[in-house]
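Subject: Handing over a structure, with notes

Dear colleague,

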Amino acid sequence: MTDYLTAVKDMLGPPENRYADPTAWAALEAELGLALPADYKAIVDGYAPVTVNVHLSLAHPATEWWNLAKTIRDTSEAWSRTRWQHDWAEGSLSDPRVICGVRDLTFGPRDGLIPLASTDRGDVVFLAPQAYGFSGGICVACGDGDWAGYPMPFVEWFYRFLIGEDMAGYKSAALYPGPVQLEYPPMGPGDQGRVAYGPERSW
């Protein structure tokens, strides 16, 4: 059985844990009313704020810029105000209510979808109360307006994203041969940010 957290770290390189801060996580989780997955927190602590392989961005709860708590709050409020509904076919597997097993879809604290990451293609990666019956699975609002569900923890979803599987709906794969690119954004005035790379990969 694959240890997905170890496999992800093997591709990204040793975690720097630049902003690891248990008190920041505790404050965020108190606001959300739930404990975020340990594997997700380990990846965020290890590498975020970061954009991975050009597309996928992760924020951190302990930073002023690229702050995860603010990102979750702002994204949840925006989605709560937006008419996300479509004329889904009866029982459509791309209806987010079917994916999440709920009658009404909500965003943010107290059993709503929690935004964990986003892409420059308009995808939003949500932690769902369940995804096709999997507790704490992943539901993705795809940039093309469709939805996709993944009955797996975030770290497995992230691993599959890195190896080039379709993890944001049909034909969404973004495989980049060679080392994973890690783009660390500016963290304050005058900071230029930097780009780093994980270890060589075998493909």
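A residue is called buried when its relative accessible area is under 20%, exposed when that value is over 50%, and partly exposed in between, with a 1.4 Å probe and protein chains only. The model is a predicted one, in which local features need pLDDT of at least 70 and side-chain atom pairs count only at pLDDT 80 or more, while totals for chains, interfaces and linings use all residues. Residues are numbered from 1 along each chain as its sequence is written, and side-chain values use heavy atoms, with hydrogens and water left out.

Helices (H or I, at least four residues) and strands (E, at least two) are DSSP runs numbered from the N terminus, and two strands are said to pair if DSSP finds at least two bridges between them. Eight strands form an open sheet with antiparallel pairing, in the order β8-β7-β4-β3-β2-β1-β9-β10. The edges are held by β8 (147–150) and β10 (194–197), each of which has a single partner strand, so one side of each is left without a neighbour in the sheet. Neighbouring strands of this sheet are turned by 25° against each other on average, direction ignored, where the axes are lines fitted to C-alpha atoms (for helices over the stretch in contact) and angles run from 0 to 180 degrees between N-to-C directions.

Within this sheet, strand β3 (residues 114–119) can be followed on both sides. Four bridges join β3 to β4 (residues 124–127), the two running antiparallel, and Ser118 has Val124 of β4 as its bridge partner. In the hairpin of these two strands, which has four residues between them, Gly122 takes a positive phi near 90°. Strand β2 (residues 56–58) also pairs with β3 in the antiparallel sense, over two bridges, and there the bridge partner of Leu56 is Thr119 in β3. Five of the six residues of β3 are buried, so this strand is largely enclosed by the rest of the structure.

Among the helices, α3 (residues 38–47) is mostly covered, with eight of its ten residues buried; Tyr40, Ile43 and Val44 are among them.

Turning to charged pairs, a salt bridge is a side-chain nitrogen of Lys or Arg within 4 Å of a carboxyl oxygen of Asp or Glu, and a search of the whole structure finds nine of them. One of these joins Glu31 to Arg73, with the closest N and O atoms 3.0 Å apart. This pair links distant parts of the chain, since Glu31 is in helix α2 (residues 22–32) and Arg73 in helix α4 (residues 68–81), 42 residues apart. Glu31 is partly exposed at 33% relative accessible area, and Arg73 is also partly exposed, at 33%.

A further salt bridge, between Glu156 and Arg160, has its closest N and O atoms 2.9 Å apart, and both residues lie in helix α6, four residues apart, about one turn of the helix. Here Glu156 is buried at 13%, whereas Arg160 is partly exposed at 21%. The side chains of Asp123 and Arg121 meet in a salt bridge as well (4.0 Å, N to O), in which Asp123 is buried at 5% and Arg121 is partly exposed at 35%. Finally, Glu16, Arg18 and Arg194 are linked in a network of salt bridges.

Glu165 has its place in the loop between α6 (154–162) and β9 (181–184), and Glu165 counts as partly exposed at 28% relative accessibility.

With best regards
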